[in-house]
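Me: I want to learn how to read cavities and helix packing in a model. Can you take me through one?

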Amino acid sequence: MGAGEIDSKRVAAVGEGKASNERHSFCSPVTPMHQTRLGLRARSRSNMTDRVQPAAADGCTDGESINLSVLNWEQVQRLDAILTGSIPIHGRWNFPTLEVKPRDIVKVVRSRMEEKRIHVREVRLNGSAASYVLHEDSGLGWKDLDLIFCAELKGEMEFRMVKDIVLDSLLDFLPDGVNKEKITPVTLKEAYVQKMVKVCNDSDRWSLISLSNNHGKNVELKFVDSLRRQFEFSVDSFQIRLDSLLLFYECSEHPMAATFHPTILGESVYGDFPTALDHLRKRLICTRSPEEIRGGGLLKYCHLLVRGFRAASDTEMKMLQRYMCSRFFIDFPDVCEQRRKLESYLQNHFVDLEDRKYDYLAMLYEVVQESTVCLMGHERRQTLSLISSLALRVLAEQNAIPNAANVTCFYQPAPYVSDGNFSNYYVAQVYPVYACPPSPPHAYLTPQQHPMYATWLPCN
């Protein structure tokens, strides 16, 4: 049996749900040791370094303590700036923009969930914002604000109540003078919600409501009962527990200072906090079992490569690329689905980075061409052609398509051509047809110095 067959079978087993579906409770209740950390404690100025303080192991198992770390003062300041800063939620049509502070929307949503007897165990910050808090110079910045409400979602009724609570909460943030009585939940959903997702199966029970921001910083409220796979790569595996800081906002009469602030815990669901933070600082790419991730983590992997990250182990990552590609094509088997996914990813993750789209698509083309082992030949060519066409469209949008004199078109003669020099099954060798234009502010490279990409171009 070939390696490709083994890869396909391994990934297919996961895609069909044959992998272990052990139910993992997400955000387990806070232990007594952690409860003591919700209060304030004096912090010396010696902690004002970029070094992360390991969580004390008193009352913790070794496995639990290695996942956790106490945020230092600089990290607490960055977290406070995010939670107290105002993020605009842009409305469609003529609906006004809502100015929302994350700490306020968390408070409103959480209190209304408790009123409806939906218990919220804790609230966490996740994703790129959490990574930015822990290390601001990763080169990624932060885009979406991912807030996780660890709650008990027993059935369909709880999911529906959570959606209604979020939509109803938006009324509190409408500007003065707006007649709120005539605005229905359906209207609010159409005006301010970019996407809604619900997953309910044996291993995963969660829902997501994403509030729209035209600059790519969507406020994403995620309500999680259980979630089997909580990260894609080690650098995005961080979660910050917010309860102690939210309690401080409500109870403290004094502002935070280096010697007076709540103890806030960060956690890496990758499993090893110091290692994951080291990967973030050194811009290393590391993951495990990518076939468990929806889409295989393929698009995020290529994004990290383009943003200057590199594989922690080249040999291991080359092998994992095959699983990423295989899982991606299991989840998005049709070329139309692939197009929608790629266009959506480019739109959501390259705001103000238009000049990097081509580099990203060129990297994706290279990975798919090199590591796809689960597709038929024509399916693989279809996907590569799709990526090439998107790359050409990006160049067109940037007015970077080369002159016609430098473009080579390949075509297959029509079946009725009688000239004996032509074949109905003509196959042309693909040659490099244009040089990838350098992205500013790099110095211009001559065509001989710059990497070339082979691309099919349409003939009119």
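Me: What volume does the second largest cavity have?

Reply: Bear in mind that this is a predicted model. The volume of the second largest cavity is about 40 Å³. The structure holds 3 cavities of 30 Å³ or more.

Me: Which residues line the second largest cavity?

Reply: Its lining includes Leu298, Leu299, Phe328, Phe329 and Gln338. Leu342, Leu364, Val368, Thr383 and Ile387 also belong to the lining. Two or more lining residues come from each of α11, α12 (314-331), α13, α14 (357-371) and α15 (377-397).

Me: How many residues of that lining are nonpolar, polar or charged?

Reply: The lining of the second largest cavity has 8 nonpolar and 2 polar residues, and no charged ones.

Me: Now the helices. What describes the packing of two helices?

Reply: Two packed helices are described by the angle between their axes and the distance between the axes. Here, take helix α11 (residues 298-306) and helix α13 (residues 335-349). They pack at an angle of about 45°, and their axes are 11 Å apart.

Me: Why are α11 and α13 called oblique to each other?

Reply: Angles of 65 to 115 degrees count as roughly perpendicular, and those under 35 degrees as roughly parallel. The angle of α11 to α13 is about 45°, and the two helices are therefore oblique. The crossing of α11 past α13 is right-handed.

Me: Which residues meet where α11 contacts α13?

Reply: From α11 come Leu299, Lys300 and His303. They meet Lys341, Leu342, Tyr345 and His349 of α13. By class, this contact has 3 nonpolar, 2 polar and 2 charged residues. Leu299 and Leu342 take part in this contact and also line the second largest cavity.

Key:
Residues numbered from 1 in each chain as written. Predicted model: local features only at pLDDT ≥ 70, side-chain atom pairs only at ≥ 80, totals over all residues. Heavy atoms only, no water. Axes fitted to C-alpha atoms, helices over the stretch in contact; angles between N-to-C directions. Helix = DSSP H or I, 4+ residues; strand = E, 2+ residues; numbered from the N terminus. Parallel < 35°, antiparallel > 145°, perpendicular 65-115°, else oblique. Left-handed = near helix turned anticlockwise from the far one by under 90°. Contact = heavy atoms within 4.5 Å. Nonpolar A, V, L, I, M, F, W, Y, C, P; charged D, E, K, R; others polar. 1 Å grid on protein atoms, 1.4 Å probe; cavity = no way out; pocket = protein on both sides within 12 Å on 5 of 7 lines; lining within 4 Å. Points joined across faces, edges and corners; volume = space filled by probe spheres on them.
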